[in-house]
Amino acid sequence: MGKTVLVTGAARQLSGRFVRHIQRDPEVDRVVGVDSRPPVHPLGDADFVRADIRQPSIATVLAEHAVDTVVHLDVHGTPAPDGGGRAAVKEVNVLGTLQLLGACQKVPGLRRVVVKSSTQIYGTAARDPAVFSETTLPRAPVAGGFPQDVAEIEGYVRGFARRCPQVAVTVLRFAHVLGPAADSRLAAYFRLPVLPTVLGYDPRLQFVHEDDVLEVLGRAVAEPGGRGALGQGTFNVAGDGVLLLSQAARRIGRPTVPVLRPLAPWLGSTLGAFGIGGVSAEQLRSLMHGRVVRTTRLREAMGGPLAYTTAETFAAFAATHGPGTLPPVAVGGLVDRIEEVLRRG
């Protein structure tokens with residue numbers, strides 16, 4: 001008998017792709033996509049259930065569909081396209097995960113839970129290790145935001161794993177996800193005609209390609225012991241190699257505007273008043289020191305590296321979002337607006 005896999009956040013682009021991807025697995029009989037809003041993209045032969053993981057009704061969905069594998073992808077650093085600010089994002093991330101895990105605890109036939117996390121849990125600071133591994137104890141985030149959400153989510157997951165030792169739990173700490181269709185916050189940043197940077201900092205960055213995300217998630221759903229199956233535990237997921245922010249800017253053909261560090265925290269909100277998205281205080285903090293993670297454990301489980309290196313992932317993104325798609329007037333207008341913000345500072 002094959003698996004019944006429930007995927008949260010199915011209305012999002014990447015989650016929807018995974019819903020279609022996992023249907024090709026011969027071990028999977030049925031896929032159920034769940035989201036609080038209807039998807040705008042096709043989900044293949046999957047069943048779609050409109051439900052909010054923050055509500056107790058998610059337990060009914062799990063029971064009615066006899067779910068044995070849960071893939072929790074409704075963890076994001078950006079609001080859904082239909083609106084909602086930072087408070088709404090945190091509520092879905094943290095309270096949604098707590099409610100979902102509580103519902104999972106009541107499902108007698110549940111065998112696997114896979115949770116999307118982020119390397120942002122490690123934070124970013126001047127005195128951080130040069131390379132983080134899964135055994136590095138994440139520091140308590142001092143600035144809140146998405147890193148704080150991820151830390152709380154993983155805390156709830158550890159508690160669930162202790163209470164339900166019969167369930168195999170896998171946590172995937174993804175680096176920044178990029179690709180031609182990526183809708184992450186960093187993708188929005190690199191799509192800006194001009195890139196604000198923090199003066200004096202050139203962080204190391206790692207990326208993971210959307211296609212590799214699908215492959216890793218599929219391996220996490222596979223039965224332990226199979227070739228390439230990840231099994232349970234925590235895994236860093238990133239393409240081999242690193243890129244400096246300055247290298248990335250040159251490869252995508254974007255000019256940069258250095259911002260003094262004291263101005264960085266409020267630059268994003270000020271630019272937002274001008275209608276310019278893709279920049280936030282949290283974003284600029286992460287673009288000061290950056291972070292690099294070790295992926296040895298993932299490589300050993302999969303029997304080799306991911307298909308795309310960090311550089312190749314960024315090249316695929318740049319091929320779609322490079323300077324050829326940008327009207328020159330947009331570049332000049334954004335530079336003028338940033339300079340106006342800096343003069344006001």
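**Cavities and one loop proline**

I'll start with the second largest cavity: its lining is made up of three nonpolar, five polar and two charged residues. Bear in mind that this is a predicted model. The residues around that cavity are Thr119, Ala175, His176, Arg204, Leu205, Gln206, Ser286, Leu287, Gly290 and Arg291. Strand 9, residues 204-205, and helix 9 each contribute at least two of the lining residues. The space inside is about 70 Å³.

Now the wider picture. The structure has three cavities of 30 Å³ or more. The largest cavity has a volume of about 500 Å³. Its lining takes in 30 residues, and those nearest the centre are Gly77, Lys116, Gln120, Ser184 and Arg185. Two or more lining residues come from each of these elements: helix 1 (13-22), strand 5 (112-118), strand 7 (176-178), helix 5 (185-190), helix 6 (210-221) and helix 9 (281-289). By class, the lining of the largest cavity splits into 11 nonpolar, 13 polar and six charged residues.

You will find Pro180 in the loop that runs between strand 7 and helix 5. Which residues does Pro180 contact, leaving aside neighbours within four places in sequence? They are His209, Glu210, Ala316, Thr320 and His321.

How values were computed
Residues numbered from 1 in each chain as written. Predicted model: local features only at pLDDT ≥ 70, side-chain atom pairs only at ≥ 80, totals over all residues. Heavy atoms only, no water. 1 Å grid on protein atoms, 1.4 Å probe; cavity = no way out; pocket = protein on both sides within 12 Å on 5 of 7 lines; lining within 4 Å. Points joined across faces, edges and corners; volume = space filled by probe spheres on them. Helix = DSSP H or I, 4+ residues; strand = E, 2+ residues; numbered from the N terminus. Nonpolar A, V, L, I, M, F, W, Y, C, P; charged D, E, K, R; others polar. Contact = heavy atoms within 4.5 Å.
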